[in-house]
Amino acid sequence: KCSRVQSGLLSVYCLCFFFSTGHIPSSLGVILRTTDKIVWANEFEPIELTCLIESISTNNPRIEWKKIKNGVPSYVYFQNKIAGDLESRAQLREPANILIFNATRSDTAEYRCEVAAIDDQRDFDEILISLAVRVKPVVPRCSVPEAVTVGTSTELRCLENEGFPAPQYRWFHNNEELPQDPKNSAKFANSSYSINPDTGGLKFRRVRKEDAGEYYCQAKNDAGHAQCPTQIMEVYDVDILGIFLKVFGAVVAFLCLAVSICHSFRRGCFHKKGHNENK
């Protein structure tokens with residue numbers, strides 16, 4: 001075990017300390033830390049990426065920030081000024097934090113803070129921060145059938161593809177939210193619908209008269225929500241009389257056509273005539 005007694009010199013003590021612990025004493029090297037390695041921000045709102053210098057001896061260290069997207073690095077702070085994607089949209093704050101005034105979805109990436117201190121024994125350190133920018137959903141596209149028949153199956157659709165993270169979907173019937181599982185609600189216990197909150201689908205296995213009414217869908221994530229305009233779905237009973245009249249009309253039309261053809265044959269309209277005969 002190393003100790004100060006072995007040498008009496010600070011440098012020897014530090015060397016022994018390094019071999020004993022695997023670390024350089026903080027007084028001899030630049031050391032960085034951050035408050036958050038994974039940062040979430042809402043689009044068009046400010047966000048600060050922290051790069052705190054816990055220990056350093058060099059008076060004017062070189063500070064650089066790089067943005068890494070799809071594995072490709074690019075400077076966003078270089079030679080003491082904001083550059084690249086963040087130019088005119090950010091500033092460096094003491095000691096080495098970077099403040100983005102209005103984060104956009106294109107800012108989603110990894111950011112690396114690098115500090116070089118030439119007067120320190122450990123003259124370089126870096127820290128990696130992941131930034132994800134939440135995007136509020138836009139108005140979803142909804143598809144609601146105008147009319148369905150009692151006892152048949154149907155599906156209502158809802159789609160939104162701008163929000164990040166991907167939104168969850170909720171459906172409303174006559175301004176009342178449909179519970180995820182109808183069996184958990186006495187009001188909807190007899191309903192046969194199912195909701196997929198990930199895809200926005202609302203499926204009815206067997207439509208009831210009570211399912212008629214106004215429908216709209218809401219897409220929601222941590223950045224906000226949006227909903228489509230209300231659409232009306234009407235539900236009709238099976239029209240047995242109407243079906244009978246349509247079938248009866250078709251049979252009557254067929255019989256009339258058959259009688260007409262038979263009558264034409266009897267009159268000889270379909271027999272071949274000689275070339276010299278009048279038509």
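Select cysteine 142 to begin. In this predicted model, cysteine 142 is buried, because its relative accessible area of 17% falls under the 20% cut-off.

Show the side chains of the two residues. Cysteine 142 and cysteine 228 form a disulfide, with 2.0 Å between their sulfur atoms. The angle about the S-S bond is -95°, and the link is left-handed.

Next, select cysteine 51 and cysteine 113. These two cysteines form a disulfide, their sulfur atoms 2.0 Å apart. Which hand does the link of cysteine 51 and cysteine 113 have? The link is left-handed, with -75° about the S-S bond. Here too the pair links distant parts of the chain, 62 residues apart. Look for cysteine 51 in the loop between β3 (47-49) and β4 (52-55), and for cysteine 113 in strand β10 (residues 109-116). Are cysteine 51 and cysteine 113 buried or exposed? Both are buried.

Move on to cysteine 158 and cysteine 217. A disulfide joins them, with an S to S distance of 2.1 Å. The link of cysteine 158 and cysteine 217 is left-handed, at -80° about the S-S bond. Cysteine 158 and cysteine 217 are both buried.

Show the disulfides together. The count comes to 3. With bonded cysteines numbered along the chain, the pairing pattern is 1-2, 3-6, 4-5.

Then select cysteine 256. Cysteine 256 counts as partly exposed, because its relative accessibility is 49%, between the 20% and 50% limits.

For the last stop, go to strand β14 (residues 154-159) and select threonine 154, which is found there. Threonine 154 is buried, with a relative accessible area of 14%. Which residues does threonine 154 touch, leaving out those up to four places away in sequence? Display Pro145, Val148, Leu202, Lys203, Phe204, Val207 and Met233 around threonine 154 to see these contacts.

Notes. Residues are numbered from 1 along each chain as its sequence is written. This is a predicted model: local features need pLDDT of at least 70, side-chain atom pairs count only at pLDDT 80 or more; totals for chains, interfaces and linings use all residues. Side-chain values use heavy atoms; hydrogens and water are left out. Helices (H or I, at least four residues) and strands (E, at least two) are DSSP runs, numbered from the N terminus. Buried means under 20% relative accessible area, exposed over 50%, partly exposed in between (1.4 Å probe, protein chains only). Contact means heavy atoms within 4.5 Å. A disulfide is a pair of cysteine sulfur atoms within 2.5 Å.
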